[in-house]
Amino acid sequence: MKPKVLLVEDDKDLQGIISYNFSKEGFEIGTCSDGELAMETVINENPDLIILDWMLPNISGVEILRQIRTNKKCKTTPVIMLTAMGEDKDKIDGLKIGADDYLSKPFEPEELFLRIKKLL
């Protein structure tokens, strides 16, 4: 069975690149580009792992992460923050809020795959 990954990212080009590469690696990938739809998608699709951008339209990735960590259905789902917010303080804040891992943009796709495989 293919691992199901949800990518919450508003950059359509990056969404396409990551989706293509994940499909090649044998993952089932779903995408969501709006913070407002992210929680609904998380609950309805029950992904094995979530890749979450910090800066999203309508609701920030940090707020989505807070909601994930307080929701009984998905609170243990691994979350990797993948964001341009790359300052040490941002990384620490993301991890304190509940991210399982944190990767700054730009990033190496292979590094992202390795981090995901480690969490799954």
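This is a predicted model: local features need pLDDT of at least 70, side-chain atom pairs count only at pLDDT 80 or more; totals for chains, interfaces and linings use all residues.

Me: How should I read the interior of the model?

Reply: In soluble globular proteins, nonpolar side chains tend to be buried together. In this model, the largest nonpolar core has 19 residues, and those with the most contacts inside it are Val8, Ile50, Leu52, Ile64, Ile68 and Met81.

Me: Which elements give two or more residues to this core?

Reply: They are E1, helix H2 (35–45), E3, H3 and strand E4 (79–83). The most comes from H3, which gives four residues.

Me: With which residues is Val8 in contact, leaving aside its neighbours within four places in sequence?

Reply: With those neighbours set aside, Val8 is in contact with Cys32, Ala38, Ile50, Ile51, Leu52, Asp53 and Leu56.

Me: How many aromatic pairs are counted?

Reply: Rings are paired by the distance between their centres, and the cut-off is 6.5 Å. By this rule there are four aromatic pairs. One of them joins Phe27 and Phe113, whose ring centres are 6.4 Å apart and whose planes lie at 10 degrees, so the pair is stacked.

Me: Why does this pair tie together parts that are 86 residues apart in sequence?

Reply: The reason is the placing of the two residues: Phe27 lies in the loop between helix H1 (12–24) and strand E2 (28–32), whereas Phe113 lies in helix H5 (residues 109–119).

Me: Are Phe27 and Phe113 buried or exposed?

Reply: Residues under 20% relative accessible area count as buried. Phe27 has a value of 6% and is therefore buried. Phe113, with a value of 11%, is buried as well. Phe22, Phe27 and Phe113 form one aromatic cluster.

Me: What sort of aromatic pair do Trp54 and Tyr102 form?

Reply: Their pair is edge-to-face, with 6.5 Å from centre to centre and 75 degrees between the planes. This pair links distant parts of the chain, 48 residues apart: Trp54 is in the loop between strand E3 (49–52) and helix H3 (61–70), and Tyr102 is in strand E5 (residues 101–104). Both Trp54 and Tyr102 are buried.

Me: What should I look for in the backbone?

Reply: Most residues other than glycine have a negative phi, and most peptide bonds are trans. Pro106 is placed in the loop between E5 and H5.

Me: Which phi do Asn46 and Asn58 have?

Reply: Asn46 is not a glycine, yet its phi is positive, at about 45 degrees. Asn46 is found in the loop between H2 and E3, and with a relative accessible area of 43% it is partly exposed. Asn58, likewise not a glycine, has a positive phi of about 75 degrees. The loop between E3 and H3 holds Asn58, which is exposed, with a relative accessible area of 56%.

Definitions and conventions. Residues are numbered from 1 along each chain as its sequence is written. Side-chain values use heavy atoms; hydrogens and water are left out. Rings of Phe, Tyr and Trp (its six-membered ring) pair if their centres lie within 6.5 Å; planes under 30 degrees apart count as stacked, over 60 as edge-to-face and the rest as tilted. Buried means under 20% relative accessible area, exposed over 50%, partly exposed in between (1.4 Å probe, protein chains only). A nonpolar core is a set of buried Ala, Val, Leu, Ile, Met, Phe, Trp, Tyr and Cys residues joined through side-chain atoms within 4.5 Å. Contact means heavy atoms within 4.5 Å.
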